[in-house]
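Trainee: I would like to learn how to read a sheet and its packed helices from a model. Can we work through one case?

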Amino acid sequence: LYAAIPRRFSNRLPFWPDPVPADARWLLGEAARIEQCWLELLIGVSAVSAFGEIARSAHRVLERDPAYRAEREGWLRREFTPDGVPASAGGPQGEPQDVLPTRGYGGRDRAPGRDFEPEPLVGVLGSVGNTAVDQVIAGQALQRLLLTATDAGLSVSMLSQPIEVAPAREQLRLSLGRFGTPQMVLRIGYGQPGRPTPRRSVDEVLDLPVVPA
Ligand SMILES: Cc1cc2nc3c(=O)[nH]c(=O)nc-3n(C[C@H](O)[C@H](O)[C@H](O)COP(=O)(O)O)c2cc1C
């Protein structure tokens, strides 16, 4: 999976309609299980549209909050800087017919008919609990899942609106009939390669303890 690191980017563009085959789905589930987490794949139009309603309502709740909008704007980059989301990777603007909400990173308008895939493969990654340790484990599982997907030639984008709004998160958990805590939602499929995003240098993100001589 190490080799997949430089090729892994969130892909917010519409994917092709090709289904994700069973062996790739199995690999993704395994990636979550290896890290003591679970991955629930939503199968069928009704499961995806029920999830879409939860996600869109969470999105509306967040969008009503000026602090949320300011923070999102604050991470948007018109130019390629060492962090943030460059507009080139922001994906197209959302439209009312979309099943899933898009974060609104200032992407371009869509050409007519250039819709998102009608039946996206949606995966919910969850952990057993929600302590600080569970959250670190969920991050490790997310990392393994994203790299496994990249290695299998799959594109992924992340959707955290239903995780960030507590009632939506609970509704999502209940809709899955799962104990534990949903930690991330992923849209998985085949698409054009994701647009590169900047990386900070390793020195900047590693806070190593100073070991006395
Ligand atoms: C906890 C978490 C939540 C995220 N939520 C969203 C989201 O709701 N929408 C989105 O488009 N990207 C989301 N992302 C993706 C980040 O924006 C993205 O990983 C970051 O900008 C780096 O870009 P890269 O994935 O291309 O490396 C999330 C990432 C993390 C780690």
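This is a predicted model: local features need pLDDT of at least 70, side-chain atom pairs count only at pLDDT 80 or more; totals for chains, interfaces and linings use all residues.

Trainee: In what order do the four strands of the open sheet stand, and how are they paired?

Mentor: Strands of a sheet pair through backbone hydrogen bonds, in either a parallel or an antiparallel sense. Here the four strands form an open sheet in the order β1-β4-β6-β5, with antiparallel pairing. β1 (37-42) and β5 (155-159) stand at the edges with a single partner strand each, so one side of each has no neighbour in the sheet. From one strand to the next, the twist averages 30°.

Trainee: How many bridges pair β5 with β6?

Mentor: Five bridges, in the antiparallel sense, pair β5 with β6, which spans residues 181-189. To find one of them, take Met 158: its bridge partner in β6 is Leu 186.

Trainee: Now the helices. At what angle do α1 and α4 pack, and how far apart are their axes?

Mentor: Two packed helices are described by the angle between their axes and the distance between the axes. For α1 and α4 (residues 132-151), the angle is about 155° and the axes are 8 Å apart. Angles over 145 degrees count as roughly antiparallel, so α1 is roughly antiparallel to α4. The crossing of these two helices is right-handed.

Trainee: Which residues make the contact of α1 with α4?

Mentor: From α1 come Leu 27, Leu 28, Ala 31 and Ile 34; from α4 come Arg 144, Leu 145, Thr 148 and Ala 149. Sorted by class, the residues of this contact are six nonpolar, one polar and one charged.

Trainee: How do the axes of α2 and α6 cross?

Mentor: Helix α2 (residues 45-63) and helix α6 (residues 166-176) have axes that come within 10 Å and cross at roughly 170°. The two are therefore roughly antiparallel to each other. Phe 51, Ile 54 and Ala 58 of α2 meet Ala 168, Gln 171, Leu 172 and Ser 175 of α6. This contact has five nonpolar residues, two polar and no charged ones.

Key: Residues are numbered from 1 along each chain as its sequence is written. Side-chain values use heavy atoms; hydrogens and water are left out. Two strands pair if DSSP finds at least two bridges between them. Axes are lines fitted to C-alpha atoms, for helices over the stretch in contact, and angles run from 0 to 180 degrees between N-to-C directions. Angles under 35 degrees count as roughly parallel, over 145 as roughly antiparallel, 65 to 115 as roughly perpendicular and the rest as oblique. A crossing is left-handed if the near helix is turned anticlockwise from the far one by less than a right angle, and right-handed if clockwise. Contact means heavy atoms within 4.5 Å. Ala, Val, Leu, Ile, Met, Phe, Trp, Tyr, Cys and Pro count as nonpolar, Asp, Glu, Lys and Arg as charged, and the others, Gly among them, as polar.
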